[in-house]
Amino acid sequence: MASSSCFTIQSSFASARTRLVSISKQSLSGFACRSLTKPRNLNLSVIRCCSMGSFNSSQKSDNVQEAAKSDFASISEGEWKKRLTPEQYYITRQKGTERAFTGEYWNTKTPGVYKCICCDTPLFDSSTKFDSGTGWPSYYQPIGNNVKSKLDLSIIFMPRQEVVCAVCNAHLGHVFDDGPRPTGKRYCLNSAALKLEGLERTRE
C-alpha cells in the first residue's frame with residue numbers, strides 16, 4: 001500500500017515538472033519572437049524615414065532650381081543687353097568665344113568659386129581648375145548639377161558638347177574628354193561668362 005502511494009506521488013511530480021518545462025519553453029519562445037520582431041519593425045521605420053528625408057531634400061533642391069529657371073526664362077534679350085557688357089552678352093547669350101589668352105581668368109590661381117555672370121549660380125570651385133595650356137580657364141569638375149551639356153553642331157564635321165548654366169542657360173564654353181583625373185573631363189570656358197568670388201568672401 002505504501003509502495004503504491006509512493007509511485008503515485010512520483011508520477012504526479014513528474015507530470016507537473018513536464019508541464020512546467022513546457023510552459024517555460026513557450027514563454028521563452030514568445031519572448032524571443034517579440035524581441036526579434038520589434039527591432040525589425042523599428043529598423044524599417046527608421047530606414048523609411050531616412051529615405052523619405054533624403055528624397056524630400058533632393059526634391060526641394062530640384063524645385064528651387066526649377067523656380068530659378070522659370071524666373072530667368074522670362075528675361076528678354078533687351079533686358080540681358082542692359083545687364084551685361086557687350087562681350088558678356090555676345091558670349092553667354094549668342095554662344096560666342098573669346099580669343100585664347102585674353103580672358104580675365106585663363107591664368108588665375110586665386111582660391112574661390114567661379115559663378116555664372118548672368119545669374120550668380122556657383123559653377124566651378126577653384127580647386128578643380130588646372131592649366132590646360134589652351135589659353136582658356138579649364139576645370140575638371142563642376143559644382144553639383146549646376147552645369148549641363150548638350151550637343152553643338154555649329155561647326156560642320158566637328159560635333160562638340162556645349163556647356164551651359166543649368167539655371168539661366170548661359171553659354172559657358174565646351175567640354176572635352178581629355179582632362180585630368182578623376183573625371184577625365186576638360187571644361188574649357190570663357191572668362192567673360194564667369195565671375196570669381198574669392199575664398200575669403202565666400203566664408204563671410
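1. Asp152 is found in strand β5, which covers residues 147-152; a strand here is a DSSP run of E of at least two residues, a helix is a run of H or I of at least four, and both are numbered from the N terminus. The model is predicted, so local features need pLDDT of at least 70 and side-chain atom pairs count only at pLDDT 80 or more, while totals for chains, interfaces and linings use all residues. Residues are numbered from 1 along each chain as its sequence is written, and side-chain values use heavy atoms, with hydrogens and water left out.

2. Is Asp152 buried or exposed? Asp152 counts as buried because its relative accessibility is 11%. The term buried means under 20% relative accessible area, exposed means over 50%, and partly exposed lies in between (1.4 Å probe, protein chains only).

3. The side chain of Asp152 makes a polar contact with the side chain of His174, at 2.8 Å. A polar contact is a pair of N or O atoms within 3.5 Å; within protein, one must be able to donate a hydrogen and the other to accept it, and residues adjacent in sequence count only if both atoms are side-chain atoms. Leaving aside neighbours within four places in sequence, Asp152 is in contact with Met158, Pro159, Arg160, Glu162 and His174, where contact means heavy atoms within 4.5 Å.

4. Two strands pair if DSSP finds at least two bridges between them. Phe176 stands opposite Arg186 in β8.

5. Three further strands are to be described: they form an open sheet in the order β2-β1-β9, and the pairing is antiparallel. Its edge strands are β2 (122-125) and β9 (194-198), each pairing on one side only. Strand β1 (residues 112-116) is joined to β2 by three bridges, and the two run antiparallel. The bridge partner of Val113 in β2 is Asp125.

6. How many disulfides does a search of the whole structure find? The search finds zero disulfides, a disulfide being a pair of cysteine sulfur atoms within 2.5 Å. Cys119 is in no disulfide, and the nearest cysteine sulfur, that of Cys165, is 3.6 Å away. Cys119 is buried, with a relative accessible area of 13%. Cys165 is also buried, with a relative accessible area of 0%.
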